[in-house]
Amino acid sequence: QLDKNIIDLIIKVLGYPISIFFIVVNEFCERFSYYGMRAVLVLYFKYFLRWDNDLATSIYHTFVALCYLTPILGAIIADSWLGKFKTIIYLSIVYAIGQVTMAVSAIHDITDKDRDGTPDNMTFHVAMSMVGLFLIALGTGGIKPCVSAFGGDQFSEHQEKQRRTFFSVFYLCINGGSLLSTIITPILRAQECGIYTQEKCYSLAFGVPAALMVVALVVFIVGSGMYYKAEPQGNIMLDVCKCIGFAISNRVRHRGKQYPKRKHWMDWAEDRYDKLLIAQIKMVLKVLFLYIPLPMFWTLFDQKGSRWTLQATTMDGNFGALVIQPDQMQTVNPILILTLVPIMDSLIYPLIQKCVNFTPLRRMTVGMLMAAIAFVCAGLVQIEIDVSRKKLLFVNGMGMALNVSTPGVYVGLIDSSYYSNYSLVNNGKIIFTIWSDTQACNYSREFGFGSSYTFYIPGNLVVGPNCQNDITATEDIKPNTAHMALQIPQYFFITAGEVMFSVTGLEFSYSQAPNNMKAVLQAGWLLTVAIGNFIVLIVAEVAKIPEQWAEYILFASLLIVVCVIFSIMAHFYTYINPAEIEAQFMKKGDDNDEDDKKQLQKGMEMVKRNSTGSHSYDGDDDDDERKKTKM
């Protein structure tokens, strides 16, 4: 009783439901978990699983795409079956299992039987990581549309001010969790750990996010008795899909010339659905039509975590007193967002508005151009990196031919007393395999940034396990290093593009659709993100562009073309006020009700005058049902 009185006092003093505390803490921990894991993911693919850049990029973007597809599934489950509370609980359990699975997949000692620091059974680690990523995508995407809405449900109608404050704090937790995790997990990854051999600690970098997800789940469950749990009310997306499906099928059935044409193809749904619903769907379809070119923006934007992070691995992160890890450069994005959003809203937009009518669609167009400029900058940085990449050659002093290769580069067959061509390799630890017809040995070396090396294989080398110390390495050219600071301009332009495109796009979408259709637009918006990531997958695996700078320029060019198309579509778009259109239909509905009452009264009088008369109607069942519904 005393605890209940204390809780009631807190609610009265603060004006907020105590359950909000658990939801906010849950969101912070979950976002830390997701973004922390995602920050180091592409480097895990490249350096732990030993995948090349294209495969690492492809799997990364496949995972991100799934994370933006599953929210639609989560919303349908919550609204039509389990309710928000149970959906969050069940999918959070799936989510936590996925994070733990990822942490286990990164423990190299599990399959490192020869204790050389490299897993012997890579299939086990790949399978575990893929299962983990699938469960994480299902969990994080499934709860994404539920948590914020569930938090909003905790407020009563007279707490509108507190509800607005809650959403501000809620999204602050998202950005805070994202920023902190992107700083912390790369530091954890850079540590060395292991039972038998010390390697980069990906297991710790995944383990801490897994622990935070477990904390998020426990905190949410602890607050269970304090939540208001609304019953499932049905999902508007299913109603919209059914209405559109009926309109299309009805149009196909009545495609002959004997049937009168209708102003809009959605009007064919009037035989079964309410005119107001059809009008609302028409408004949504106008906005969704504008979404068609949008995936290309996300194609460029989400490469911050893949191509740009891989680019940073070939650069020098030494900023004097501070050494930046390649996967920490992503923190520039949230820092710039917190800086640019208030500047844009209070200074940039008002100044531009004084010169031109800077409509939301024009802002989005400029945002696309900003993203294209960012990738031009990335291309220029890549050219500078290519100039400073490490070159190496091998000189064979033995009396027989030798093969030399690495996981990423095949140096080739080197004849006796001859030398190889120069080969380009990236920084980090490189393991070379040197073999003859019957024997082989490994030679490893840690490479910094830039420079040129010559490796001399002596004539008395015994090809076997002890050749590490017999090969002589000479540094021919001192490093010519590209610094990570060169990436700051591309991060600035992509973040400015995000503020003008993403924030404005959601604001525009919500202003152009009825309140009950906002979930449909959110689903459409998330779908554009997913499609954008699939485009990266296609380019990485199909195009196979040999030069990375050329791929950056290709993406920039494609976005400029899409930007022109979008600007033409935006030019012909007419802004609407959904509330006014709905009010017109409501008024028509009231007028029709009065007419129906008069018609009904008139019909009853006719029945009284001619009670022995009969009436028949030759028509199909659909028309009978329609007349019954109208009556």
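Modeller: Please bear in mind that this is a predicted model. Let us begin with Asp-153, which forms a salt bridge with Lys-84; their closest N and O atoms are 3.2 Å apart.

Biologist: Which parts does the pair of Asp-153 and Lys-84 tie together?

Modeller: Asp-153 belongs to helix H6 (residues 122-153) and Lys-84 to helix H5 (residues 84-105), so the bridge ties together parts that are 69 residues apart in sequence.

Biologist: With which residue does Lys-282 form a salt bridge?

Modeller: Its partner is Asp-267, and the closest N and O atoms of the pair are 2.6 Å apart. Lys-282 sits in helix H10 (residues 275-290), while Asp-267 sits in the loop between helix H9 (236-253) and H10; the pair, 15 residues apart, links distant parts of the chain. Lys-282 is partly exposed at 24% relative accessible area, whereas Asp-267, at 8%, is buried.

Biologist: How far apart are the closest N and O atoms of Arg-262 and Asp-271?

Modeller: They are 3.8 Å apart, and the cut-off is within 4 Å, so this pair is a salt bridge. Arg-262 is partly exposed, at 32% relative accessibility.

Biologist: How many salt bridges does a search of the whole structure find?

Modeller: The search finds eight. Salt bridges can also join into a network, as they do in linking Asp-54, Arg-307 and Glu-551.

Methods:
Residues numbered from 1 in each chain as written. Predicted model: local features only at pLDDT ≥ 70, side-chain atom pairs only at ≥ 80, totals over all residues. Heavy atoms only, no water. Salt bridge = Lys/Arg side-chain N within 4 Å of Asp/Glu carboxyl O. Helix = DSSP H or I, 4+ residues; strand = E, 2+ residues; numbered from the N terminus. Buried < 20%, exposed > 50% of the residue type's maximum accessible area, 1.4 Å probe, protein only.
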